[in-house]
Amino acid sequence: MSVDLKKSSSNSSEKSLTCEEQQTKITEMRKLIGPLPEKLAIYCSDAAIARYLRARNWNVKKASKMLKETLKWRAEYKPEEIRWEEVAREAETGKIYRSNYIDKHGRTVLVMRPSCQNSKSTKGQIRYLVYCMENAILNLPAYQEQMVWLIDFNGFNLSHISVKVTRETAHVLQEHYPERLGVAILYNPPKFFEPFWTYAPWQLVKPFLEPKTQNKVKFVYSDDLNTKKIMEDLFDTEKLESAFGGNDDSGFNINKYAERMREDDKRIPAFWTRGNTQSTAPPEPMPTSTVGLNSIDPNSDSNASDNGKVDGPPSHV
């Protein structure tokens with residue numbers, strides 16, 4: 001997942017920087033973050049830092065604060081330590097799962113079915129969502145950083161929406177997984193969704209989303225040839241599920257999916273240790289003192305003090 005510093009902007013209002021200017025911003029941000037313990041430094045590759053900078057329109061101070069919050073969250077929440085057996089109950093109905101196909105750009109595809117909600121636990125739902133995000137990242141090819149969400153609204157009604165869960169979901173995804181979403185496809189949503197999304201602040205979801213995220217949402221209807229072309233342009237219809245207009249009618253099987261997830265779980269430790277820092281820059285020097293959970297301050301301009309110690313609390317990438 002190496003960073004492509006020449007990557008085109010996903011938002012017309014985003015600053016257009018040269019490769020050299022972007023690398024300068026990354027270097028500036030490393031100085032603001034300061035030295036980190038190895039367990040947190042592996043989440044601060046050039047690619048990761050660039051994502052945070054893009055999310056904050058290349059504002060170094062805002063991006064560094066965002067990244068520090070994520071490092072603190074990651075140190076406390078430990079998303080890379082979540083395993084299938086812990087979240088399997090949440091997965092039984094297939095409400096979220098990683099598909100066995102990718103899109104034409106090589107992006108991992110997460111299928112989401114709101115009508116298949118089987119839990120009232122906000123904590124459980126968010127923990128399973130985080131597990132799915134980590135698994136999707138684990139399965140991204142080296143040249144790709146983003147994923148696709150396929151949201152199936154079959155059987156959906158407003159009773160399936162929880163404002164609390166929606167707010168927490170938006171917070172976790174936007175603050176701790178910036179620039180990970182390539183496109184979100186809303187497949188056969190209720191007809192009133194699109195006009196409210198386009199012309200009015202949809203009070204249940206839209207206010208929680210960044211404008212850049214809102215622009216990545218596409219509406220697709222099975223009876224609309226124009227929007228169906230979105231699916232044909234993105235996916236190989238032979239591999240795409242029949243629920244989304246493809247030719248694969250195998251459907252979701254929890255037993256087979258559990259096997260896939262257990263195998264993926266075995267790969268996680270190596271994924272975050274064997275040179276997966278994704279950075280072309282030399283490693284940051286380790287602090288001479290032990291860095292604890294309170295070693296990163298999101299509100300400080302720099303965590304490095306004059307004596308090389310770190311003043312502040314930690315987070316996630």
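Student: Which residue forms a salt bridge with Arg113?

Tutor: In this predicted model, the closest N and O atoms of the pair are 2.9 Å apart. That is within the 4 Å cut-off for a salt bridge. The partner of Arg113 is Asp152.

Student: How many residues apart in sequence are the parts that Arg113 and Asp152 tie together?

Tutor: Arg113 lies in the loop between β2 (108-112) and α6, and Asp152 lies in strand β3 (residues 147-152). Both residues are buried. The pair therefore ties together parts of the chain whose separation in sequence is 39 residues.

Student: Are Glu134 and Arg74 buried or exposed?

Tutor: The side chains of these two meet in a salt bridge, 2.7 Å from N to O. Glu134 sits in helix α6 (residues 122-138) and Arg74 in helix α4 (residues 60-77), 60 residues apart. Buried means under 20% relative accessible area. Glu134 has 10% and Arg74 has 1%, so Glu134 is buried and Arg74 is also buried.

Student: Which residues are linked with Arg74 in a network of salt bridges?

Tutor: The structure holds 20 salt bridges. One of them joins Arg74 to Glu134. The network that includes Arg74 also links Lys39, Glu80 and Glu134.

Notes:
Residues are numbered from 1 along each chain as its sequence is written. This is a predicted model: local features need pLDDT of at least 70, side-chain atom pairs count only at pLDDT 80 or more; totals for chains, interfaces and linings use all residues. Side-chain values use heavy atoms; hydrogens and water are left out. Helices (H or I, at least four residues) and strands (E, at least two) are DSSP runs, numbered from the N terminus. Buried means under 20% relative accessible area, exposed over 50%, partly exposed in between (1.4 Å probe, protein chains only).
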